[in-house]
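Welcome, and thanks for taking a look at this one with us. Please open the sequence and the model side by side, and then walk through the points that follow.

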Amino acid sequence: MFNLPSKQLLLFLGVFSVFQAHAQQKVLNIKDAEQMALANYGTIKSKANQLNAAKANLKETRTEYLPDVSISAQQDYGTANGQNGPLYGYHGLSVASSGPTLPKQNWNAAFGSLYLSNVSWDFFSFGKSHEKIKVQRNIVNLDENDLSQEQFQHEVRVASTYLNLLAAQQLAKAQQDNLNRAIDLQKVVVARVKNGLNAGVDSALANAEVSNAKIALTNTQQTVQEQSNQLSVYLGIPAQEFELDSAFITRLPTNLSAPGAVQLADHPELKFLQNRIDVSDQQAKYLKTFALPTFSLFGVYQGRGSGFNPDYSTNLNSYSSSYGAGANPTRYNYLFGVAMVWNLTSPFRVHYQVQSQKYTSAQFKDDYDLAAQKLTAQQVLAETRIGNALKNYREVPVEVSAAGDAYKQKYTLYKNGLANIVDFTQALFTLNRAEVDRYIAFNNVWQALLFKSAATGDFGTFINNF
């Protein structure tokens, strides 16, 4: 024994209890799974960032109505030879040198400067800026509903996978029980064959039943692994085994007949599709404004300096190459005015753009109508599925009880040589099938409620039934 001081002993026991708690796997209930999935799933994070980008674009769009205010300053050094004749400064590749037109080239150079401020404001464009803001606002609403739709659909996916995994785990348990019974049968058969009470073929049939039970168990364990991996992906965590809440196999939902609290038009999927229509309609209105003119206010104030003196055209020596002579502005100009710009061919192009956008809106409306029709049909089907699931749930205890009695009877008869192995294996198969039906019947009631929740757009219909 180690002689540890009391404080160290308490510390050791505390650390040991922590490790022991971690070693015990925590039960993952469905509400915790849903919260984890909404926080970690990559697609939801992606759509949340998409929404943030749309909100930032809306803020930027609102600033586009502000006037353009520019200031500029430049200081240059170069020659000032002028020349008669036309020219075109393609893409700004020509210099703006101004000076007298001389009979020959000279290389007199001095400093020059230009300082200016400019204001340009498209103050009226028949609502173009406002319509663009409305388009972006509708895009924000679209992305918000896209995120809500994805969250709702992911909640349904997680719940469905959770139920599928729980069902697979229960089926694996049923197959393990079936394997145990097959092994018990094998022991009885081998003993009776060795004692000459049964034919050797009974031993072969018993071995076949054990092998079949092992294969069925392996297959269900594979399904458990697949569903566990899928749930891990939805939760955004590494693949692992899960211990799930047994409430789904011990009791029924508290209120199966409660109607959904969400109107059909407020279903997350339909709200998203309606927002697509709204965005398209608003874009059509925005496109119409491009057929109309734009009215602008503008103003410029500038100062200019030059190292070339006013009499340079008559005296080519009247200039200074000093920096200060060119950097100091000596002449100032200003101008302001109102301008109207209207491309007279724009209405022809815009007409077809608007027409195309309206067809897009009609396409989105058709998608909306189809989705609404499907959801309405699914709501009717959901009630039918719940009714059928309840019928099976009430019937399955009768099946399990009868199969269990038949198994016990055939087992007793076979041990006493009053039944053959074919009858006994048939009873074994019937009991296994009844146990599988029992687990499926429990699970199907919850699956039917989840289907109703998905059809009505109200996840609370499912998650609040615990």
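Leaving aside its neighbours within four places in sequence, which residues is Ser232 in contact with? The answer is Ile237, Pro238, Ala239, Gln240 and Phe242. Please keep in mind that this is a predicted model.

- Ser232 sits in helix α5.
- With a relative accessible area of 1%, Ser232 is buried, because the cut-off for that class is under 20%.

**Nonpolar cores**

- In soluble globular proteins, nonpolar side chains tend to be buried together.
- The largest nonpolar core here has 41 residues, and those touching the most other members are Leu231, Leu235, Phe248, Phe459 and Phe462.
- Two or more residues of this core come from each of α2 (30-40), α3, α4, α5 (200-235), α8, α9 (421-456) and α10 (460-463).
- Helix α4 gives the largest share of this core, at 13 residues.
- Apart from this core lies another one of 20 residues, with Leu217, Val400, Leu431 and Ala441 among them.

**Salt bridges**

- Side chains of opposite charge can pair when their charged atoms come close.
- How many salt bridges does the structure hold? There are nine, and three of them are described below.
- One of them joins the side chains of Lys47 and Asp146, at 3.0 Å from N to O.
- Lys47 belongs to helix α3 (residues 42-63) and Asp146 to helix α4, so this pair ties together parts that are 99 residues apart in sequence.
- Is Lys47 buried or exposed? Lys47 counts as buried, at 18% relative accessibility, and Asp146 counts as buried at 9%.
- Another salt bridge brings together the side chains of Glu150 and Arg157, at 2.7 Å from N to O.
- In that pair, Glu150 counts as buried at 10% relative accessibility, whereas Arg157 is partly exposed, with a relative accessible area of 25%.
- A further salt bridge runs between Asp367 and Arg276, whose closest N and O atoms are 3.0 Å apart.
- This pair links distant parts of the chain, with Asp367 in helix α8 (residues 346-415) and Arg276 in helix α6 (residues 268-288), 91 residues apart.
- Asp367 counts as partly exposed at 30% relative accessibility, and Arg276 is partly exposed too, with a relative accessible area of 22%.

- The elements giving two or more residues to the lining of the largest pocket are β2 (68-79), β3 (109-124) and β5 (294-306).
- By class, the lining of the largest pocket holds 12 nonpolar, 14 polar and three charged residues.
- The second largest pocket has about 250 Å³ of space.
- Which residues lie nearest the centre of the second largest pocket? They are Glu64, Tyr65, Asp122, Ser125 and Ser129, out of a lining of 14 residues.
- At least two residues of the lining of the second largest pocket come from β3, and at least two from α4 (128-194).
- The lining of the second largest pocket divides into five nonpolar, four polar and five charged residues.

- Ala419 is in the loop between α8 and α9.
- Ala419 is buried, with a relative accessible area of 14%.
- Leaving aside neighbours within four places in sequence, Ala419 is in contact with Lys410, Leu413 and Tyr414.
- Ala419 and Gln409 are 10 residues apart along the chain, and their C-alpha atoms are separated by 9.6 Å.
- Phe429 has its place in helix α9, where it is partly exposed, with a relative accessible area of 46%.
- From C-alpha to C-alpha, Phe429 and Lys55 are 62 Å apart in space, and they are 374 residues apart in sequence.

Technical notes. Residues are numbered from 1 along each chain as its sequence is written. This is a predicted model: local features need pLDDT of at least 70, side-chain atom pairs count only at pLDDT 80 or more; totals for chains, interfaces and linings use all residues. Side-chain values use heavy atoms; hydrogens and water are left out. Helices (H or I, at least four residues) and strands (E, at least two) are DSSP runs, numbered from the N terminus. Ala, Val, Leu, Ile, Met, Phe, Trp, Tyr, Cys and Pro count as nonpolar, Asp, Glu, Lys and Arg as charged, and the others, Gly among them, as polar. On a 1 Å grid over the protein atoms alone, a cavity is a set of points where a 1.4 Å probe fits but cannot get out, and a pocket is an open set with protein on both sides within 12 Å along at least five of seven lines; lining residues have an atom within 4 Å of a point. Grid points are joined across faces, edges and corners, and a volume is the space filled by probe spheres set on the points. A salt bridge is a side-chain nitrogen of Lys or Arg within 4 Å of a carboxyl oxygen of Asp or Glu. Buried means under 20% relative accessible area, exposed over 50%, partly exposed in between (1.4 Å probe, protein chains only). A nonpolar core is a set of buried Ala, Val, Leu, Ile, Met, Phe, Trp, Tyr and Cys residues joined through side-chain atoms within 4.5 Å. Contact means heavy atoms within 4.5 Å.
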